[in-house]
Amino acid sequence: MKYRLLAGGSVLVLTAALSACSTPSDSAGRDGRTTVDVWLMRDSVSDTFQKEFTADFEKRHPKIDVKIQIQEWDGIGQKITAALASNDAPDVIEAGNTQVAQFAESGGLLDLSDRTDELNGEDWLRGLAEPGAYEGKQYGIPYYAANRVVIHRTDLFEKVGIDAKAIKTREQWIDATAKLNKGGTQGIYLPGQLWYALAGFIWDEGGDLATESGGKWSGALDTPEALRGMAFYEELQALGKGPKDSDEDDPPQAEVMAQGQVAQVISTPGGANVIVEKNPELRGKLAFFPIPGKTAGTPGSVFTGGSDLVVPAAAAHPDEAVTFIRELTGDTWQKKLAVAMSYVPNRTSLASAVAGDPGAAAMAVGAANGHATPNTPGWAAVEAENPIKDYMTAVLTGGDPAKEAAQASQDITRAMHAGS
């Protein structure tokens, strides 16, 4: 999911009329030219990048014009659903990676499985490619990614003699955080309901939030692996004063870190900008490292947020749509997009493109071990209700982990099948 990913949720409120879908151009427009209608999301590209890409694309493909319409994230799920059910869908749509299965289930997307080779599918980021597939077919083409890292105070680390670059394992991370957690400083500010971080710890242990067996999905927080992930979360959360009954938005964790007594937070790199805006005295004192894994050779697992590009089944110009996607997700423009927007490119082989951006470089390391939420249309109902948050609070406030996990797993299972 796109950037409220990254603030932790994906609550969508409809702000545009559902009828405001684009109207595709005639297959053969003026002088035999075809216009490809594209929906891209607010802030996924800058105005400058959009203009440069469009000019280059139209120069390279003189028979194709590009018409890009910028859409708002609020309400986009409903708007895309309406467009896919209509006869006037755009040719290309940017969709949050966790939304693709829902749209594919409706039958409204074009199966692009036979185009993956020409679209460089051999090394797509797993956290984008897997949710872009549904029932063995590839519908979403990875566009860009973003994930959480550790934002830390370099001055506080130096004060206690800790080299952040040397923190490669969970054990080292706990030791460093405990050393920082003294003298009025919180070693880490970790709210009790940052469930995307919990998911990463569970994935590190070999578990998952839900699993599929015989075509039926079930909650899996009560497995031994998932319980070990929760135990690590509890250990880390105790090394600070984060609230046990709210997420990173209540209060906004960037604002808490800006107050000056927090050594670390788990956030997307963009959180550092907010921290500095709130407290300019911290400019030059913030840096990033990937969330550590269980061993030094593998970074911690992370939820990969970001976007895929899809082609509606009703698109008037599917071949031209694929041409557009091929250019936008190809080497040249992926590298330019990553630099311009501080994103992680859609392929592991392009990670070096962001080597000069410390935050994006840390994300790219983590993205190599990126995951997605369970790839089922029913997961949207889980996030809407979110029993995972209630489970975390229950454990952190003294509840029996096994008992609370069993209840949360039942709630996840019920939510996933509520509409079936």
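**Helix packing and salt bridges in a predicted model**

Helix α7 is followed by G206, whose phi is positive, near 90°. The structure is a predicted model in which local features need pLDDT of at least 70 and side-chain atom pairs count only at pLDDT 80 or more, while totals for chains, interfaces and linings use all residues. Residues are numbered from 1 along each chain as its sequence is written, and side-chain values use heavy atoms, with hydrogens and water left out. Helices are DSSP runs of H or I with at least four residues, numbered from the N terminus, as are strands, which are runs of E with at least two.

Helix α7 spans residues 195-204 and packs against helix α8, residues 224-237, at an angle of about 130°, with the two axes 7 Å apart. Here the axes are lines fitted to C-alpha atoms, for helices over the stretch in contact, and angles run from 0 to 180 degrees between N-to-C directions. The angle makes α7 oblique to α8; under 35 degrees counts as roughly parallel, over 145 as roughly antiparallel, 65 to 115 as roughly perpendicular, and the rest as oblique. The crossing of α7 and α8 is right-handed, a term that applies if the near helix is turned clockwise from the far one by less than a right angle, anticlockwise being left-handed.

On the α7 side, the contact (heavy atoms within 4.5 Å) is made by A197, L198, F201 and I202; on the α8 side, by A226, G229, M230, F232, Y233 and L236. By class, nine of these residues are nonpolar, one is polar and none is charged. In this scheme Ala, Val, Leu, Ile, Met, Phe, Trp, Tyr, Cys and Pro count as nonpolar, Asp, Glu, Lys and Arg as charged, and the others, Gly among them, as polar. Helix α7 is mostly covered, with ten of its ten residues buried; buried means under 20% relative accessible area, exposed over 50%, and partly exposed in between, with a 1.4 Å probe and protein chains only. Among the buried residues of α7 are W195, W203 and D204.

The description now turns to charged pairs. The whole structure holds 19 salt bridges, each a side-chain nitrogen of Lys or Arg within 4 Å of a carboxyl oxygen of Asp or Glu. In one of them, D331 pairs with R347, the closest N and O atoms being 2.3 Å apart. This pair links distant parts of the chain, 16 residues apart: D331 is in helix α12 (residues 331-341), and R347 is in the loop between α12 and α13 (358-367). D331 is partly exposed at 35% relative accessible area, whereas R347 counts as buried at 7%.

A salt bridge also joins E385 and R414, with the closest N and O atoms 2.6 Å apart. E385 lies in helix α14 (residues 379-385) and R414 in helix α16 (residues 401-416), so the pair ties together parts that are 29 residues apart in sequence. Both partners are partly exposed, E385 at 38% and R414 at 43%. R414 forms a salt bridge with D411 as well, the closest N and O atoms being 3.7 Å apart. D411 and R414 both lie in α16, three residues apart, about one turn of the helix.
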